[in-house]
Amino acid sequence: MDIRALRYFVEVVQLNGFSRAADALFITQPAISRSIKKLEAELGATLLIREINGVRLTDDGAILFEHAKQILKQFNSMNKALHDKAGPLTGTLNVGLPPVIASTYFADIIMAFSSFHPQVELKIFELGTKQMEEAMLEGTVETAAVVLPFNDNAFELTVFSEDRLMLLMSHTHPLAIKKEVNFKNIITEPFVFFSDDFRINDLVRSACGIYSTEPIIAGRSNHLDLIIAMVKAGVGVTLLPNSMCNKNPIENLVAIPVIDPVLSYQLALANNKNSYQSRSCQAWNQLAIEKLTAQ
């Protein structure tokens, strides 16, 4: 079976069309069609059905699609291992960092890594914990920092810190004069949330569940700057890590500890147990553990 045919097939399915796949792969559409027809003949099964708005997998195609993704992941891992043997570190390292902890814990690590290994292109993926798992399983992200709990069956986890959420609000808010605030006193406040895949939201929902209620969501964003801007504009309050609030105080906003319950969680470095770890990834993890332990 031709590995190239599998790559074409997966690309057609993921992009939902032959022409879109051809553009992404920089080849002609007839070349992709011939390759997939040859694959169907080899397997003795129809894999795709063309439709007006794209393509649809047959039952046989769905089975092949799941296996093909794993085969391509292993093939890419093998290639990486063969080419990543000696000499200075080069290539690209894809690192996943939740935006709420990226600047607080990893700014110095990113600077140091780039200084030590200038030939490595460091690509940072700012994702929520749930999206992070998908990206790591697919091989898009090689190593990451995550909020626990995380899938410890598939990933090796190294805990590096424990943190808690603080209530962030305008300095003119009635609660801003408090030294701490009971969670039941903020359940009627409108919240500015991250998108659904962020673990912070789960902590807030769990705390609301203690009082048999749901959070009132006034706004959402994947971007920390926009969340802070909405809080400053009076859209609502939000909950952010204590480490971030202490390290980077925000003008005209007040951060107050939340109790009953304390919204605490652990942070960990995550690496896929079943994938080859490149030398760049090993160097990143070693540096991260050294600096995070020192912190």
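This is a predicted model: local features need pLDDT of at least 70, side-chain atom pairs count only at pLDDT 80 or more; totals for chains, interfaces and linings use all residues.
Okay, so what covers the buried residues of helix H10? The cover includes strands S3 (91–96), S4 (120–125), S5 (143–147), S6 (155–170) and S12 (264–272), along with helix H5 (99–116). By buried I mean under 20% relative accessible area, with exposed being over 50% and partly exposed in between (1.4 Å probe, protein chains only).

Residues are numbered from 1 along each chain as its sequence is written, and side-chain values use heavy atoms, with hydrogens and water left out.

Back to H10. This helix runs over residues 279–294, 16 residues, and reaches 23 Å from its first C-alpha to its last, close to the 22 Å expected at 1.5 Å a residue. The expected span, by the way, is 1.5 Å times one less than the number of residues. The buried set in H10 is Ser 280, Cys 281, Ala 283, Trp 284, Asn 285, Leu 287, Ala 288 and Leu 292.

Let's pick one of those. Leu 292 counts as buried because its relative accessibility is 5%. And which residues does Leu 292 touch? Leaving out residues up to four places away in sequence, the partners are Tyr 105, Phe 106, Ile 109, Phe 160 and Leu 269. A contact here means heavy atoms within 4.5 Å. Leu 292 and Pro 261 are 31 residues apart in sequence, and their C-alpha atoms are 27 Å apart in space.

H5 has 18 residues and reaches 24 Å between its end C-alpha atoms, close to the 26 Å expected at 1.5 Å a residue. Where does H5 bend? At Phe 106, by about 65 degrees. That bend is the angle between axes fitted to the seven residues ending there and the seven starting there. Phe 106 is also among the buried residues of H5, as are Tyr 105 and Ile 109, and those three are on the contact list of Leu 292.

Pro 149 sits in the loop between S5 and S6, while Pro 261 is in the loop between strand S11 (253–259) and S12.

Asn 16 counts as partly exposed because its relative accessibility is 29%. The other one to show you is Ser 212, with a phi of about 55 degrees, in the loop between helix H7 (199–210) and strand S9 (216–220). Buried or exposed, Ser 212? Exposed, with a relative accessible area of 71%.

The 12 residues of H7 should span 16 Å at 1.5 Å a residue, and the end C-alpha atoms are 17 Å apart, which agrees. Its buried residues are Arg 199, Ile 200, Asn 201, Val 204, Ala 207 and Cys 208. Asp 202, also in H7, is partly exposed at 22% relative accessibility.

One stop in H9 (residues 242–247), which holds Asn 242. Asn 242 touches Asp 163, Arg 164 and Met 166, again not counting residues up to four places away in sequence. From Asn 242 to Leu 167 is 75 residues in sequence and 9.0 Å in space, C-alpha to C-alpha.

Last, the whole chain. Its secondary structure comes to 10 helices and 12 strands, and the C-alpha trace spans about 70 × 50 × 30 Å along its principal axes. Of the 295 residues, 46% count as buried. For contacts with a separation of 6 or more, 74% come from residues 24 or more positions apart. That's my tour.

Terms used. Helices (H or I, at least four residues) and strands (E, at least two) are DSSP runs, numbered from the N terminus.
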